[in-house]
Amino acid sequence: MEEPILVFKDVKKVYRGGSVGVEGVNLTINKGDFVCLIGTSGSGKTTTMRMINRMHDATSGQILFNGKDIKNTDPVSLRRQIGYVIQNIGLMPHMTIYDNITLVPRLLKWPEEKKRQKAEELCKEVELPEEFLDRYPSQLSGGQQQRVGVIRALAADQDLILMDEPFGALDPITRESLQDLVSDLQKRLKKTIVFVTHDIDEALRLATKVVIMDGGKIVQNASPEEILQHPANDFVKNLLGEERLSQARADLSTVDQIMLKDPVKVTLGRSIPESIRLMRERRVDTLLVVDDENYFKGYVDIDTITSRYRRATSVSDLLSTDMPTIQNDTLVRQTVRKMLNREFKYLPVVDHDNKLLGIVNRTTMVDVVYDTIWGNSDDDIAEKEEDQTKEQETATVKGE
């Protein structure tokens, strides 16, 4: 059973003047989770995170950290048990990188040898040269400073790390690089991270759980895949956007959701005349071949029958086995790539025992891609075509 590191029980925060920051928050975060809190401005995501290390105190309810109510822990002592990374990095400009990294270990009175070893180890983790430890923040680039900010939060070996929009001010390339870094560190070091962001793509990319907030309340708490496949309400749908949802429908669908379940097939013992008659009736030029228990064996096509039927008595004599198969739980996006790289018009779908379940063909793949780009309904398609016609007419009038 997964062990919780952080539990919110009916937590509420009311500010002076009576405005409600968060209300009725119930949330369990297990050890090793990467949780992204996301929502529009004023949704309560930052307030929720800052209550964890008592930068804000909850008005009512309980927050348990490793099973203990944080109200009974001195705020300074609590913060030394929790790593923290903020957007503007917060490195001390008058301190060396080494002193910045070992700030909390120094407060915890670690011996010098242990602090030095930890700082050097963390620099290697984020591919910073060891000589950087003697430099000052102003001598590093923005991305390098952010890496130092990340490893400073790890220096005291805290199990829980809070990150408050840490990459919001960075350029896209640096930001993506640091996202990869944090994701990799979290998995390798088995840290629990609570990460506030306003960027839905960042949340979907990093999180094991995405907590979506609106008006101080949690409206959905689920894995990225679950949120993309089953958004809780219109607010979540709007936050995700139709284009992202459409793409997810294709990306997260499996082959068994789109396959044709009535493939034209014959058994190994069927005669050649029977097979030709079945081809004519079903208007196909290829038959899939199975044994008596429906295990996929290969295929026979009209060209093979035409050239070799005089020497054959049954389908087994003409069997070809070079057709690849796709398992029923394969993602559609992987199937598209596989079909585009092959000359086959369709591919058999089998289960993990290699029993034939159906087929996917190029037409089905085109439909999936078309739905992803244009939408699912005839109305969507008609509307898109109408928009294109209007654009063309406007361009003609303007002489473009």
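## A salt-bridge network

Lys118, Glu121 and Asp157 are joined in a network of salt bridges (a side-chain nitrogen of Lys or Arg within 4 Å of a carboxyl oxygen of Asp or Glu). By this rule the count comes to 15 salt bridges.

This is a predicted model, where local features need pLDDT of at least 70 and side-chain atom pairs count only at pLDDT 80 or more, while totals for chains, interfaces and linings use all residues. Residues are numbered from 1 along each chain as its sequence is written, and side-chain values use heavy atoms, with hydrogens and water left out.

In H5, residues 112-125 (helices are DSSP runs of H or I, at least four residues; strands are runs of E, at least two; both are numbered from the N terminus), Lys115, Lys118, Ala119, Leu122 and Cys123 are buried (under 20% relative accessible area; exposed is over 50%, partly exposed in between, with a 1.4 Å probe and protein chains only). Down the axis of H5, the buried residues fall within an arc of 135 degrees (taken from the directions from the helix axis to the C-beta atoms), so they line one face of the helix.

On the other side of H5, Glu113, Gln117 and Lys124 are exposed. After H5 comes Glu127, with a positive phi near 60 degrees.

## Pairs across the sequence

Lys31 pairs up with Glu3 in a salt bridge, with the closest N and O atoms 3.4 Å apart. Lys31 sits in the loop between strands E2 and E3, and Glu3 in the segment before strand E1, so the pair ties together parts 28 residues apart in sequence.

Arg175 forms a salt bridge with Asp199, again with a closest N to O distance of 3.4 Å. Arg175 is in helix H7 and Asp199 in the loop between strand E8 and helix H8, so this pair ties together parts 24 residues apart in sequence. Arg175 is buried at 13% relative accessible area, whereas Asp199 is partly exposed at 21%.

Technical notes. Expected span 1.5 Å × (residues − 1).
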